[in-house]
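Student: Could we go through this model piece by piece, beginning with a sheet and then turning to what packs around it?

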Amino acid sequence: MLSIFRFLRGYLTVLFYGEYVERIFNFTAKNRISIWNSRLKKEGIECEILVSGFRKLPEIIKGSGIKVHIIHKKGLPFKIERYKKRIGIVLGLIFFILFIEVMSGFVWSVEIVGNKRVETEKISYALEQIGIKEGIRASSINPKINREKLLLEVEGLAWASINVEGSKIIVNVTETKEKEKDNSTAGNIKADSDGIIERIDVTVGNCLVKVGDTVKKGDVLVSGVMENASETRFVRATGEIFAKTSETLTFEEPFDKTLKTENGNKKEKCVLEIFTVKIPLFLGSEIKPYNSETEIKNLVLLGENLPIRLYKREFRFVDEIRVKNNQERVYEILEKRLDEKLQKEYESGYEITDKQFINEGDRIVLNAVVSSKKDIALYEPLLISNKE
């Protein structure tokens, strides 16, 4: 606090020199002039003194043979003196201080912590729906009521707290525990696609199919209902059932199409956002075809994000080229697309049992029938009625 007082009053670093210079301590103490940080130098005694105390020195040291020299001027009065001719800077500083003071009553940022499974975007949207967002007055927030609303809006949250810390809102959440797989729930195994059964490995349940059977998607393969002479039991059917399945993949490619290639011409346009108000920093719009990317930069002050963002969008202009392919080239393109699909989605072995190219005048359509072996077992819980 003392250092702040001295800064506001203004102080000097001075050097006292001359005959019997150490007498300056007696003179200043007798006249209640504060000096500090005294240091003995080759030339004399160096120390700090308030401007008000320095003004009294000429009368005190008169005739003593002690002289004084100013080394540094420090404090607010000297800073104001330095910039008094630059009125724009002073006014700008005053405006900035007033702006910060007024804006401190508003919410600058909303931070969400504690979520892992529930998406941050989902929670942010729910907060906006209940009125918690950047730009609102912090005093308008009722943490208790808004907390209850948030828990009702977002599924998967077990607890939440909304804390207002200055111009920042911190939303702490705790998610509900993931439900563990309930192996005790009774259920059937059904087919998730059409196919011909090739291998059966059932560990629990009543198997209703055999190797060689043809099944359709949705057919029950293993029942969770176990019956004998004395009782009926309901179990969770488990196991693997492999079947030979087939699927028709369809692709099409036109003979004529337009390709877009970037020509190297670029342009940048910026939009300034203050809270939720966006201010375009450009005129006009782009008509020529382009690809674009947007970069968002937050204004940061003392490590905290301010509610001011700059959206910088880069336009990369393209040329449109009309390309006409012959039949052989179209066949190559379709074959490549089919191969990429097979490599991506069919990890185990597969076989193309039929492949047809159909010319439809302006395009060619490829139909490929793909056969593969996979586990088609899909668990489905049983709905058991308690009615007798």
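**A three-stranded sheet**

Tutor: In this predicted model, 3 strands form an open sheet with mixed pairing, in the order β5-β7-β6. Strands (E, at least two residues) and helices (H or I, at least four) are DSSP runs numbered from the N terminus, and two strands pair if DSSP finds at least two bridges between them. Because the model is predicted, local features need pLDDT of at least 70 and side-chain atom pairs count only at pLDDT 80 or more, while totals for chains, interfaces and linings use all residues. Residues are numbered from 1 along each chain as its sequence is written, and side-chain values use heavy atoms, with hydrogens and water left out.

Student: In which sense do β5 and β7 pair, and what is the bridge partner of Val 110?

Tutor: β5 and β7 (residues 168–175) pair over 5 bridges, in the parallel sense. Within β7, the bridge partner of Val 110 is Ile 169.

Student: What angle does the direction of helix α7 make with that of β5?

Tutor: Helix α7 (residues 120–129) packs on the sheet and touches β5, β6 and β7; touching, or contact, means heavy atoms within 4.5 Å. Axes are lines fitted to C-alpha atoms, for helices over the stretch in contact, and angles run from 0 to 180 degrees between N-to-C directions. The angle between α7 and β5 is about 135 degrees.

Student: Is Ser 161 buried or exposed?

Tutor: Ser 161 lies in strand β6. Leaving aside neighbours within four places in sequence, Ser 161 is in contact with Arg 147, Ile 170, Val 171 and Asn 172. Buried means under 20% relative accessible area, exposed over 50%, and partly exposed in between (1.4 Å probe, protein chains only). At 13% relative accessibility, Ser 161 therefore counts as buried.

Student: Against which strands do the buried residues of α9 pack?

Tutor: In α9, the buried residues are Val 330, Ile 333, Leu 334, Leu 338 and Leu 342. They pack against β15 (238–254), β20 (350–359) and β21 (363–375).
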